[in-house]
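Hello,

Here is the structure I promised to pass on to you.

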Amino acid sequence: MAKIVLSGKAAAVNPLKSSQPLGAAFAFLGIEGSVPLFHGSQGCTSFALVLFVRHFKETIPLQTTAMDEVSTILGGADHLEEAILNLKQRTQPKLIGVCTTALVETRGEDFAGDLASIKLRRAAELAGTEIVLVSTPDFDGAIEEGWTKAVSALVESLVAPGERMARQVNILPGSHLTVADVELLRDTCAAFGLDPIILPDISGSLDGTIPEKWLPTTYGGTPVACIRNAGRSAFTIAIGEHMRRPAQLIQERCDVPFMVFDQLTGLKSIDRFIALLSELSRQPVPAQIRRRRNQLTDAMLDGHFHFAGKKVAIGAEPDLLFGLSAFFAGLGAEVSAAVTTSAHSSVLDRVISERVTVGDLRDLEDEAGANGCDLVVTHSHGRQAAERLGVPHLRVGFPIFDRIGSQYRRTILYEGVRDLIFEVANLWQGALQQPTPESLDPFLKRSREVSDERPSPSTH
Amino acid sequence: MLKDKIAHVFEEPACDKNQAKGEKERKKGCSKPLTPGAAAGGCAFDGAKIALQPITDVAHLIHAPLACEGNSWDNRGAASSGPDLWRTSFTTDLSELDIVMGRGEKKLLKAIREIAERYAPPAIFVYSTCVTALIGDDIEAVCRHAAETLGLPVVPVNAPGFVGSKNLGNKLAGEALIDHVIGTREPEDAGPTDINVLGEFNLSGEFWMVKPLFERLGIRIRASVPGDARYADVAAAHTARVNMMVCSTALINLARKMDERWGIPFFEGSFYGISDTSEALRQTARLLVERGAPGDLVTRCEALISDEERRAWAALAPYRERLAGKRVLLNTGGVKSWSVVSALMEVGMEIVGTSIKKSTDEDKERIRELMKDDPHMFESMAPRDLYRMLADGEADIMLSGGRTQFIALKAKTPWLDINQERHHPYAGYDGMVELVRQIDRAISNPVWATVREPAPWDAAGYCVGPAFQQAITPNHDMEPDVSFVAHTRRKFAAMGADDMGEC
């Protein structure tokens, strides 16, 4: 069990986190015809927007209530109303996801009350558009929390009980899954003849679709009608511990049983996932999926040579960190440094590392330097640390802005893990250093070992 | 003539295998007739190239159609501390027209000239191959002519593939060195403690783990043949006082002839294993003193040995607990088997079998002494038997070369590469500790338990066991799809797991 420690620094250096409203907006981007709306000053939106664009290389519909000096002092309800009406009129969205920011939360207003009265007063004008509110101050949480809150809010405001649909299942993917991962989940469900409602579904909206006409909203994702229907599903599968809450909400409201998969990066959990789909659909596991499983075991056999004894430093949000720690440890590597964004997640206890630091990329770099490290695993901002440590850098999570196509990288299920094994092994093979007489000289080696006292042999 | 050369090589008096034979048998030579359709291993050209190519500053030119070099270049893990010309691949890449029109020799001469001009190597080695030998290209004449006109050593290596095995090729490479290279340069700094190490390939740079041990004793490695060697050092190798022969069967003719021609005594030793490394240092010191080196070398050597052995055993101690009782299957040829056996047994591992395919009688005797149990030695094992043995869990790890790697992996058994493609250096005291560390790593990798776990469904994809009965609330709306199940059951009726080609 990992020991969880908080970084004691006053100044966060090279932050690992992205903000909570960004996480909520990210989830709303997975709903068809939606526009996320930041209730805050313009900058809150534009920084998030730029980061999204850098990661996805897509147009991102993201709007702002553009709080100014006067509204900051007198109250933002008018700005919220105006923004909603303008958005409705100009973009005809099916859903507006209102994400609060630190500015308005610090000011402290009754957003829910304001929004209820706006909806009441403007019922006719706003007909056909759902408005969902999430409270996501920047000063708390990170992407995971924002994402969970947005999905929970969607469930609370839209999902209703109804007649059971035997082949319909809800899939609640966590924020750490890529577009390709979501597609893979859909295809896998389809292979069993199941009809999945994926909430949210970024695979439709952030997968680089080129639409026939200009759309000011998201042009894919989970349709609002489908979200309403989620209460009629036979089962809910949540992927990532942070999706437990929305799954629970669906169960409470509509009596849909659920199961949480804390990761789909290990052979055993993937087996459980596939077996669950088989049981839900009353169908045998299709041949192509059984083949994929074979391919993964072979990849594990071929790949484990490269992982054995390697030290890995991971900086990621809790669920991604946990999944990756299981992935690396399962192949014989050691997670020598683990840094995450938030202490709230129960999954942190299960991270396969001696300790987990809630901190920043400076902490990651320091711990990697102290404990030894053969690979830095974090988002693109970790590139400076990797460079200084002189080791390769596997880019995971959000944002990845200095590599294109990262949304199409599969990281879960048999084929995703298979590919990930190869990617990591190839990073190491590419960075292989030729031996030199100096590096192997036993006498020089001893004098080096004396100077940096490291325990040997390494225990697993 | 090549024929005479081969007969001559076969009559190796220093080879104990050869000496054990009768007169008639000896005449037949030692190449076992290969079994078409059931042969494995490389040809004589392969052997010759392996034995010479790690000489790092030489341009190695293969006179052949593409396959001989094109399919085999840059495939070995020898390391160089300087030039990397040896890793640049040169071949005459003969075309059909070249062969039909007899333009091979001309093309070869031109190729030699091009290489000399562009790369200016200290020497060029020219290898003959099956096709060029068959069409009668006289590489010796071409090399002589090229050497005269270019003013640089151009060495013919006459070992076409069809003449025999890889091992024969090793020996023919030794002949090329003795005929054309060694003794062609007189160094100014020859000293009383110079030695050569023959048959050391410096795989993964492992000789660099041993060289400092010699240097600490004031012993200079004049030439390590071929690993990380320079042409000039090999050319001056005759001035060394002692030869250590590492890979016993590869260059034995070279060692014996150097003894005959220049009076350089040789001994056979190994850097694999703690006691073997000590023995190699001890023998070197003893022979050097016999040849006039200062007598205190022996006492200094003993001091170094006791210090290094103490360190190595201390470093191995923590592994004893982790590895005691673990069963090793050694599937490798030659000298490696007995020298590693003793060290593995020292950390408490059990040797469940060792291959003696390339071992000499002496090797076998040593293994017998160590293991006190004959049945554990096998000549060679069919892949099927090897697979069965590993799949049945009769060994915890197999140490072998890359060729049998996948037998172990498909049997989901830990495997460690101890041949030429490996990435870890295992020579000397530190190397033995490294080997044990790698064995520990391989065995303790959690991947084995994971991949051995069967899928929770049968060969036809039907889930076995009540995996989720509790998790899923009974779903009364959906009846089991009887027709579907019946259909698939029919489809797969009477099929076994093997028919499915799965799992």
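Let's begin with helix α13 of chain A, which covers residues 287-307 in this predicted model. The helix has 21 residues, and the distance from its first C-alpha to its last is 29 Å, close to the 30 Å expected at 1.5 Å a residue. If you follow α13(A) along, you will find a bend of about 30 degrees at Leu301(A). Leu301(A) is also one of the buried residues of this helix. Others that are buried in α13(A) include Ile289(A), Arg290(A), Arg293(A), Met300(A), Gly303(A), His304(A) and Phe307(A). After the helix comes Gly309(A), which has a positive phi, near 80 degrees.

Next, the place where the two chains meet. Chain B brings 62 residues to the contact and chain A brings 53. Together they bury about 5000 Å², and 63% of that area comes from carbon and sulfur atoms.

As for polar links, there are eight residue pairs in polar contact between chain B and chain A, counting pairs with both residues at pLDDT 80 or more. Five salt bridges also join chain B and chain A. One salt bridge pairs Glu453(B) with Lys268(A), whose closest N and O atoms are 4.0 Å apart.

Which elements of chain B give two or more residues to the side that touches chain A? They are α11 (211-216), α15 (296-323), α19 (405-410), α20 (428-444), α21 (447-452) and α22 (482-491). Of these, α15(B) gives the most, with six residues.

Definitions and conventions. Residues are numbered from 1 along each chain as its sequence is written. Chains are lettered from A and ligands numbered from 1 in the order in which they are written. This is a predicted model: local features need pLDDT of at least 70, side-chain atom pairs count only at pLDDT 80 or more; totals for chains, interfaces and linings use all residues. Side-chain values use heavy atoms; hydrogens and water are left out. Helices (H or I, at least four residues) and strands (E, at least two) are DSSP runs, numbered from the N terminus. The expected span of a helix is 1.5 Å times one less than its number of residues. The bend at a residue is the angle between axes fitted to the seven residues ending there and the seven starting there. Buried means under 20% relative accessible area, exposed over 50%, partly exposed in between (1.4 Å probe, protein chains only). Contact means heavy atoms within 4.5 Å. Buried area is the accessible area (1.4 Å probe) that two parts lose on being put together, summed over both. A salt bridge is a side-chain nitrogen of Lys or Arg within 4 Å of a carboxyl oxygen of Asp or Glu. A polar contact is a pair of N or O atoms within 3.5 Å; within protein, one must be able to donate a hydrogen and the other to accept it, and residues adjacent in sequence count only if both atoms are side-chain atoms.
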